[in-house]
Amino acid sequence: MTDGKKTIEFDDQITRWFLIASVLWGAVGMLAGVIVAAMLNFHQLHFGLEWLSYGRLRPLHTNAAIFAFVGNMMFAGIYYSTQRLCKVRLASDLLSRIHFWGWQLIIVCAAVTLPLGLTRGKEYAELIWPINVLVVIIWVVFAINFFWTLAKRNEPTLYVALWFYIATIITVAMLYIVNHLQIPTSLTHSYPIFSGVQDALVQWWYGHNAVAFFLTTPILGIMYYFVPKAAGRPVYSYRLSVIHFWSLVFIYIWAGPHHLLNTALPHWLQTLGMLFSLMLWAPSWGGMLNGLLTLRGAWHKLRTDPVLKFFAAGITFYGMATFEGPLLSIRAVNAMAHYTDWIIGHVHSGTLGWNGFLAAGMFYWLAPRLWRAKLYSVALANLHFWIGLIGILLYIAAMWVSGITQGVMLNSTQDEGTALTYSFVETLTAIRPAMGLRAIGGGLYLLGWVIMIYNLWRTIAGSEAVNGTMEVYPRDREETRKMEGTIGARRTFFNAPVLYCTAGMLALCLWMFGDGLAAIFGLFASIFAILAAIVHFKAAGARWNDWHENLIGNWAPFTALTFIAVAIGGAVQIIPAVTVYRAKNVEDRLQVPYTPLELAGRDIYIAEGCYTCHSQMIRTLVPDVMRYGDYSRLGESIYDFPFQWGSKRTGPDLAREGGLRTDDWHYIHMIDPRATSPGSNMPAYPWLVDKPANLEALPSRIRVQRIVGVPYPDWSAEEIIESAREQGEEISRRLREAGHYAEPDSQMVALIAYLQKLGAAEPRGSDVASAANESTATD
């Protein structure tokens with residue numbers, strides 16, 4: 001080691017930029033949330049403007065909350081803490097600035113495209129493909145800067161917060177790339193390469209773990225750094241943090257299928273998702289207890305310190321949300337709660353309670369240090385806390401009441417189970433007060449956020465922005481290389497902890513996928529591997545500890561093991577579903593491909609965000625079947641790119657809507673939903689009559705559909721457009737006969753064509769199925 005100390009000046013400018021961006025984008029996202037919540041009771045709030053409709057604003061709200069608010073907050077916390085934990089300035093100021101401005105460009109592009117109806121139609125993954133490419137580029141810039149900083153660090157070992165940052169970076173990259181594999185049809189449109197059950201599984205592998213690795217693991221890293229700093233206490237248990245990290249990153253990735261319980265998803269995947277979701281209770285609560293118990297000896301500070309108030313409440317909400325999540329993954333509970341507001345309340349208890357309160361606490365702690373100023377008003381910070389707490393509690397309570405009420409009503413039967421008790425609209429009427437209370441709670445939370453903006457602005461105004469400094473002993477690079485060489489590939493992977501885990505995983509896979517004696521052998525082999533690992537740890541625990549201590553001294557093998565831990569779950573679930581011969585995944589029915597005009601109508605359905613309110617998946621539950629028709633089969637969505645199973649029923653399921661009503665009923669329903677469904681809260685879509693469907697885009701879209709496996713004939717562009725026009729003429733004629741007018745090439749006519757096709761399927765073994773089998777056999 002060199003003799004003298006060296007003074008390092010940290011790059012805190014980048015932290016200031018991300019902090020300000022998070023505060024402002026957070027207000028935008030919350031305002032959008034309050035507006036869309038109010039729309040559920042006051043459908044007129046879109047003022048007849050298509051770009052203010054619920055279906056377009058709701059994705060804007062979710063993307064703003066996740067990627068603009070929490071994303072910027074996460075980057076601020078990571079950049080601030082990483083420099084201090086590594087005792088080195090960020091590796092590249094240029095990369096940091098590219099990261100910041102690139103991320104803000106992504107947010108602005110999302111804010112423009114989503115209200116315009118430019119979307120991929122997949123929750124938390126709505127952004128169109130050029131923006132997806134930009135996200136990947138900026139994420140790689142972030143990753144390079146982060147890992148380069150780790151390589152230059154002057155601290156020998158990696159602190160626990162850095163472990164969670166590493167897991168975030170590599171896992172989000174993996175999730176994002178796989179779920180966004182797509183083939184463009186134009187600059188603003190594409191189709192995913194997965195469809196039906198495959199797309200559903202990949203989407204919720206991504207969707208669930210976007211929550212896990214974008215909204216949870218980086219925030220846990222921030223918790224492990226900022227809570228001890230604010231409390232002036234060390235982390236309660238280092239050993240608990242080790243168990244918390246490895247068990248969480250391994251188990252979390254398996255739990256995605258619990259979003260698809262009681263659907264057409266294969267039963268083994270549903271069971272696997274439910275079991276691993278229940279297992280999440282242990283590591284999640286281990287992390288919560290580690291965070292709360294770090295405050296031991298500092299509880300008296302909560303009376304006067306708003307930072308610790310926000311941290312303590314945020315960690316408590318984390319515990320509540322991670323208790324509720326596994327509870328909702330139990331099949332019987334999920335049967336009532338899924339598609340209802342209970343799920344919305346659960347999500348917001350995590351986003352606003354956990355992420356929002358941790359963010360507020362971090363901002364109040366950082367601002368005085370980043371601008372060398374005293375916080376303008378502790379009283380206003382405390383006021384923000386109590387208003388925000390009351391707001392989120394009102395919100396969650398309203399969603400519990402709304403979700404449970406609607407779930408019970410929708411599943412209620414009478415006459416000894418032979419008839420439904422309530423219509424869908426009756427359930428909406430019953431929950432209107434709760435939906436109103438939801439908007440009030442969200443408004444209070446937003447008011448608290450505005451108070452924080454004012455408080456931070458007054459703190460910053462006239463203050464001096466300063467960069468932190470630290471005196472460190474620079475690491476000798478030759479010594480560093482020698483130390484990191486002690487935990488090379490052999491010692492990283494060929495050691496007792498890794499070998500026991502590998503043996504246990506292989507045995508479990510044999511148990512899950514094997515038959516007969518192989519499954520029995522796998523079960524006993526997995527039990528043996530677990531018991532042997534416990535006995536070995538008891539006898540040689542010190543060597544296990546030495547291995548882990550050496551591991552956290554070298555970021556490269558640590559990152560490799562982390563990637564393996566998170567990749568295993570996705571591989572076990574997704575590879576069988578994606579590689580299995582597609583014609584086997586149809587059960588006893590095969591979807592009839594859409595005509596060109598119906599495909600255009602489907603794209604309009606997605607662009608208008610109809611999937612945010614309507615599902616197309618009748619679950620294997622008696623009330624669902626009684627209300628909507630026979631339960632959905634795998635094959636009935638095999639040509640849906642993307643799938644439309646949905647996650648929320650603000651309106652009824654549409655899986656078997658085709659042919660149930662006349663064309664003019666659908667026309668009137670789109671112009672004035674209350675005229676056909678009194679009490680409905682659906683907004684009107686008058687612009688569909690006047691806007692032309694983009695029939696000229698159909699040739700390129702059908703070309704891509706053929707690439708991904710839809711058995712369309714080898715039509716010419718003229719034949720495709722002529723087919724669409726002919727079907728449009730027929731629907732337009734029927735509408736005129738009923739006293740309504742719409743051009744044959746209007747969006748209204750295309751959407752009606754699509755709705756009338758929903759549920760069309762052929763029994764397996766028909767000519768259509770044979771054609772599909774031949775097509776997929778050549779893929």
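Predicted model: local features only at pLDDT ≥ 70, side-chain atom pairs only at ≥ 80, totals over all residues.
**Exercise 1. How much space lies in the second largest pocket, and what lines the second largest pocket?**

Residues are numbered from 1 along each chain as its sequence is written, and side-chain values use heavy atoms, with hydrogens and water left out.

Step 1. Start with the terms. On a 1 Å grid over the protein atoms alone, a pocket is an open set of points with protein on both sides within 12 Å along at least five of seven lines, whereas a cavity is a set of points where a 1.4 Å probe fits but cannot get out; lining residues have an atom within 4 Å of a point. Grid points are joined across faces, edges and corners, and a volume is the space filled by probe spheres set on the points.

Step 2. Read off the volume: the second largest pocket holds about 840 Å³ of space.

Step 3. Look at the lining, made of 39 residues, of which His614, Gly651, Pro652, Leu654 and His669 lie nearest the centre.

Step 4. Sort the lining by class: 20 residues are nonpolar, 14 polar and five charged. Here Ala, Val, Leu, Ile, Met, Phe, Trp, Tyr, Cys and Pro count as nonpolar, Asp, Glu, Lys and Arg as charged, and the others, Gly among them, as polar.

Step 5. Find the helices (DSSP runs of H or I, at least four residues, numbered from the N terminus). H2 (54–86), H15 (424–460), H22 (622–628) and H23 (663–671) each supply at least two lining residues, and H23 gives the most, with four.

**Exercise 2. Describe the largest pocket and find the helix that gives the most to its lining.**

Step 1. The volume of the largest pocket is about 2000 Å³.

Step 2. Its lining has 43 residues, with Trp246, Ser247, Phe250, Pro497 and Cys501 nearest the centre.

Step 3. By class, these residues divide into 34 nonpolar, seven polar and two charged.

Step 4. At least two lining residues come from each of H8, H9 (267–279), H18 (496–513), H19 (517–551) and H20 (555–579). H18 gives the most, with twelve residues.

**Exercise 3. Take a closer look at H8, one of the helices that line the largest pocket.**

Step 1. H8 covers residues 238–252, which makes 15 residues, and reaches 21 Å from its first C-alpha to its last, close to the 21 Å expected. The expected span is 1.5 Å times one less than the number of residues.

Step 2. Check how covered H8 is: eleven of its 15 residues are buried (under 20% relative accessible area; exposed is over 50% and partly exposed in between, with a 1.4 Å probe and protein chains only).

Step 3. Look at the N-terminal end. Ser237 caps H8 there, with a side-chain oxygen 3.0 Å from the backbone nitrogen of Leu240.

**Exercise 4. Why is H7 described as largely enclosed, and where is its kink centred?**

Step 1. H7 (residues 217–231) also has 15 residues and reaches 21 Å from first C-alpha to last.

Step 2. Count the buried residues: 14 of the 15 are buried, so H7 is largely enclosed by the rest of the structure.

Step 3. Follow the axis. H7 has a kink of about 25°, centred on Met223, where the bend at a residue is the angle between axes fitted to the seven residues ending there and the seven starting there.

Step 4. Go past the end: Gly232 follows H7 and has a positive phi, near 70°.

Technical notes:
Polar contact = N/O pair within 3.5 Å; in protein donor to acceptor, adjacent residues only side chain to side chain.
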